[in-house]
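Please keep the sequence and the structure in view while reading.

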Amino acid sequence: STATTLAGSNFDNCMMNASGVYCMDSDELLAVENSKAATFVTKSGTLQPRKGNPEPRYFETEFGSINSMGLPNNGVDYYLDFVSQDQINHPGKTYFLSITGFNLAEDLELLQKVTDSDFAGVVELNLSCPNVPGKPQTGYDFETVDAILKAVFDVYHKPLGVKLPPYFDIIHFDQMAEILNKYPLSYVNSINSIGNGLYINDDTETVVIKPKQGFGGIGGEYVKPTALANVHAFYQRLNKDIQIIGTGGIQTGKDIFEHILCGASMVQVGTALMVEGPVIFERLTAELEAIMAEKGYSSIEDFRGKLNYL
Ligand code: DHB
């Protein structure tokens, strides 16, 4: 079986959407919920609803995608109401609420709303949006990450994970893991998109998305090696009670197998879900089951994290 346990909850499958894809409103969230995916995560909710950046702001290429959405979302109250109602409709299921503030005070205000609600699921604190003009990716400011987590865990004691940007330097893996290990995180989700890539159209000699003169977050096949590196680097460094969600470049069951081999307890699908829609989870589940059957694995724990070295 492809079942897993994360943040103290059991899931009948190890797959879900990545935040930002198929999770903007109740129709999209219900489409993921009614698919083979184990659960869903919402679009990152901000204190106020946001329209996001001007369009076109998402573009698919042969090997992936580029986006500069700019955090369009219906506001945290919308998602909190939806997940709080959905958990009543589906007793025993655990859902993920993504939130993102523009500073520490906003993060705390968002968490206070969660505390004041009946939501009993998992919070994913997004520390890595690359697309809001003038705002840095928090995950690249190590001192700020430390300060945010300190303040967050002073007031919030329910399951919470963080979504991180990709890191590209071994010292950065060391330094970030040292910070993360100080806190009772349920999980670390690696990776968000590779920030501020540039995809261009040679014929028209033009960028393909409007915001930020074409710069945007890269997802899809391009990012899998970076995602696997981040998953495994954190698997090697984090306390064993901090689990890992692997996100980045998942198009097939083989890609999921690789994320789990690198240490992921659950995986999220972004670009490929955007391309194929929630029906993708049927194919991914069948493909992962086939690989496991061929290898004689009956549970993902049989191979999770057991990557071999030369
Ligand atoms: C957006 C993109 C991201 O990669 C992210 O983590 C959050 C938001 C966006 O542009 O909306």
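In this predicted model, Tyr140 has a relative accessibility of 36% and therefore counts as partly exposed. Tyr167, by contrast, has a relative accessibility of 2%, so this residue counts as buried.

The count of aromatic pairs comes to 15. One of them joins the rings of Tyr140 and Tyr167, whose centres lie 5.7 Å apart and whose planes stand at 85°, which means that the pair is edge-to-face. Because Tyr140 belongs to the loop between β7 (122–126) and α4 (142–155), while Tyr167 belongs to the loop between β8 (160–164) and α5 (170–180), this pair ties together parts that are 27 residues apart in sequence.

Tyr167 also pairs with Phe234: their ring centres are 6.1 Å apart and their planes are at 80°, so this pair, too, is edge-to-face. Here the link runs between distant parts of the chain, from Tyr167 in the loop between β8 and α5 to Phe234 in helix α6 (residues 224–237), 67 residues apart. Tyr167 and Phe234 are both buried.

The two pairs are set out below.

| Ring pair | Distance of centres | Angle of planes |
|---|---|---|
| Tyr140 and Tyr167 | 5.7 Å | 85° |
| Tyr167 and Phe234 | 6.1 Å | 80° |

Which residues do ring pairs link into a cluster? The cluster consists of Tyr140, Phe142, Tyr167, Phe173 and Phe234.

A contact of another kind involves a charge and a ring: Lys240 lies over the face of Tyr235, at 4.0 Å from the ring centre.

Conventions: Residues are numbered from 1 along each chain as its sequence is written. This is a predicted model: local features need pLDDT of at least 70, side-chain atom pairs count only at pLDDT 80 or more; totals for chains, interfaces and linings use all residues. Side-chain values use heavy atoms; hydrogens and water are left out. Rings of Phe, Tyr and Trp (its six-membered ring) pair if their centres lie within 6.5 Å; planes under 30 degrees apart count as stacked, over 60 as edge-to-face and the rest as tilted. Helices (H or I, at least four residues) and strands (E, at least two) are DSSP runs, numbered from the N terminus. Buried means under 20% relative accessible area, exposed over 50%, partly exposed in between (1.4 Å probe, protein chains only). A charge sits over a ring if NZ of Lys or CZ of Arg is within 6 Å of the ring centre and within 35 degrees of the ring normal.
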